[in-house]
Amino acid sequence: MTRDVLRDGALHAARRFGQIVFVVLGIAVVNFFLLRLAPGDAAEVLAGEAGAATPEFMAALRQQFGLDQPVHVQFAKYIGNILTLNLGYSFRQGMPVSWLILDRLPATMLLMGASIGFASILGSALGFLAARHAGRLTDTVVSVVALLFYATPVFWIGVVLIVVFSVWLDWLPVGGMATIEAGYTGIAYAVDVARHLVLPALTLGLFYLAIYTRLMRASMLQVYGEDFIRTAVAKGVSPRNVAARHVLRNALLPVVTMLGMQIGSILGGAILVETVFSWPGLGRLAFESLFQRDLNLLLGILLSSSVLVVLVNIAVDLAYRLLDPRVEIG
Amino acid sequence: MKAIWLRFGALAAAVCTTGAAFAQVEASKSLTAIVQPEPVSLTAALTTAAPTGVVSGSIFDGLVDYGTDLKPIPALAERWEVAPDGLSITFHLRRGVTWHDGKPFTSADVKWTLENVWQKIHPRNQVTFAKVTRVDTPDDWTAILRLSQPSVAILSSVNSNGAQVLPKHLYEGTDILNNPHNNKPIGTGPFVFKEWSRGSHIVLERNPNYWDKTKPYLDRVIFKVIPDAAARSAALEKGEVQYAVFSPVPLRDAERLSKSPNLRVETRGYEWLSPWLFADFNVDRPFLKDVRVRRALAHAIDLSALAKVVWYGFAVPATSPVPSTLPDFHDREAPKYPLDLKRAEALLDEAGLKRKADGTRFALSLDYIPYGDDYKRTGEFIKASLKRVGIDVNVRGQDTAAYTRRVYGDRDFDIAITWFAAFSDPQVGVTRAYWSDSIGKNVPWTNASGYRNPTVDKIIADVQGEPDPAKRIALFKQFQRIVLGDLPTLPLLELKFFTVEAANLRHPITGDQVYGSFRDFTIDARPRSN
């Protein structure tokens, strides 16, 4: 069965590759023109930040950024760059876009990986627990807690955690990704980064956790109502086995979908959490580049993001097939 | 909600102070500061943005520093002379100064930077140095600026931020704006650039070959990028950060932080900037083109209340575009517009804009510079003020790029609120708001009101070439009387920016400290206080 899945998957991937190219190019074109609707350009932002400007200074900046070229020339350049897998150059930052993205990637992966991992595992477990004890105290407690985390704004949780665990108890650092002053290396550095990771990952994770808990609970309760579960119960399968082998596996599909969506959004980062915790991730980079009208950089991030979303979608389809052999990959 | 929690936290922080953090700092003699927002480049000669200046000031020395009285103090220039006719300025440079890469600092660097950067790229200096026709360098330690007309303003803009000298040997013949050294600068200053981790921090290390052999005292300076205001407050309270400039925390937090035994809130060090907050009236709009309406608006706004309520006392009412922090130039006799609602109503009636049946007269839009909550609340305060005399104000928010395009490009606004640095000579920072040549050219921080007055334009041209300080002052006073009479721009407040710093940080304060260096900074050893 596994070999079938793999062969189908390979065929599927090849077919999807053509689609990817079209989808990604389409996204690139739409982005290019959409972003130009924002009033003001990068030269105006730089001049604005400088607190002073002259027409000559602005002209020099526009020439440096290539903004003095007509839009169709800029567009042709941009498409040419994409087709040669070149994300372009951020004039504002004085670096190629791909460097800037790669530079932020480890921090982003660490934060998103930790929080999504924590949230999906613990969230699914809590949802499982709640569904098994539906209507009883455990269920109520889990559901109320999940609702609370879901409804509380992320930045607020972040600030409260900082106040309690950093300022008040002095257990964990306020923000950033490492204690630069200390100049740690090796294991000490890893421990230091882990200490910095706890609060942001928890803040972001608690929100996701709520989603997984609710999703898992609802999904399991739905499966519990299916005929094959009644059959299994009638056959005398123990409730534990019914839950673990029959219900859980079938209830995992929406959870995998959610997981796929969240992994797809990794490159977008988590703007609020990164801001509150001064975490040097991609979300802030994208957010700031929007305000700075650094379109090359923003387009680069959006494009990478769209590629990731498409790839994760394929992976999710394959996962469906593994979880439920009845699913056909089309 | 955030504020409540932080106040809660403040109490906690005061109880369990952060001895550990302080002990660590003493051991490594390293200082952690905040730079926010993240700078776009680290070379102030090419980017006059505030965050760039904050970091760049420790990497590059200026020809001079400025005292709190705004008089120049020797730095890279040991002394200087202005010829009696005002047509030449001679800088005698310090000997034995080297760039961080070991090459000597000479008058050729000054000449090259003046001719290629200050006169061609630097947004403020193109005007300031416009009258320089030639720079003579008779030897490596003498730079003589030859002028076509006297130019008094030069001596008030030659610190490390106003006129930063770049290393000729690294910049000559390159594409200056794209030179890689803009982001990893080689300067002459007390600290050497080490590392810039984007989105996180910038590290500077002690310059072992600094010309002042005993300095700097610190081994390392780290600038952290901390985008969230509440997190900045927490980092300062906890002692993770010891220095933060440009009003780094919300005004309502500043007072609370100043009561902490471990922190100090300092408003000195910004004299060279002399920031003023103002409202530009678009004089091309139907209602606002009538000077009586503009004066009525001025009479309707209680500036003392604005300073107290919105700015928590970190500002004083402004009576002129030339702030009172420039005592020589500031005119006390210029027209004033004290709070007088009856006078405001009378002026509006006189202009034929009577109250309608619903009590309102007309509506205006107001755009504020999106530099934080304080500016937004200034807009809301003005909205409430003008409501009292029957004017409806629609407060509009947008990001900076959209704001500058709207105000300086499209001119699609009625009232626009922003602030300028006046600098120590009004020629540098004030007259640009009134000079008619820049109207509608989409150049930020110029004349937004659309005010055109040939007399004012002539004064602006004349002060640039006037050698006699007394005559210049007379011209500036005449200028203030005219523009305050016509009132295209209503000065609101003289802002007081503040620095939050650790109480055990010791350093003298110069008038340009915010853009100055950490050369003289020391950290007191202090027992744990629990």
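Residues are numbered from 1 along each chain as its sequence is written, and chains are lettered from A in the order in which they are written. Because the model is predicted, local features need pLDDT of at least 70 and side-chain atom pairs count only at pLDDT 80 or more, whereas totals for chains, interfaces and linings use all residues.

Chain A has 13 helices and two strands, these being DSSP runs numbered from the N terminus (helices H or I, at least four residues; strands E, at least two). Of its 330 residues, 40% count as buried, a term applied where 20 or more other C-beta atoms, placed from the backbone, lie within 10 Å of the residue's own.

Chain B is divided into domain 1 (2-36 + 190-271 + 498-528), domain 2 (61-175) and domain 3 (275-495), with bounds that come from an automatic or database domain assignment. The centres of domain 2 and domain 3 of chain B, taken over C-alpha atoms, are separated by 34 Å. In chain B, 13 residues of domain 2 are in contact with eleven residues of domain 3, contact being defined by C-beta atoms, placed from the backbone, that lie within 7 Å.

Ala153(B) is found in the loop between strand S7 (142-147) and helix H6 (168-171) of chain B, and Ala153(B) counts as buried because it has 23 C-beta neighbours inside 10 Å. When neighbours within four places in sequence are left aside, Ala153(B) is in contact with Thr128(B), Asp425(B), Gln427(B) and Val428(B). The C-alpha atoms of Ala153(B) and Gln464(B) are separated by 7.6 Å, although these residues are 311 residues apart along the chain.

Conventions:
A residue is buried if 20 or more other C-beta atoms lie within 10 Å of its own, exposed if 12 or fewer, and partly exposed in between; C-beta atoms are placed from the backbone. Two residues are in contact if their C-beta atoms, placed from the backbone, lie within 7 Å.
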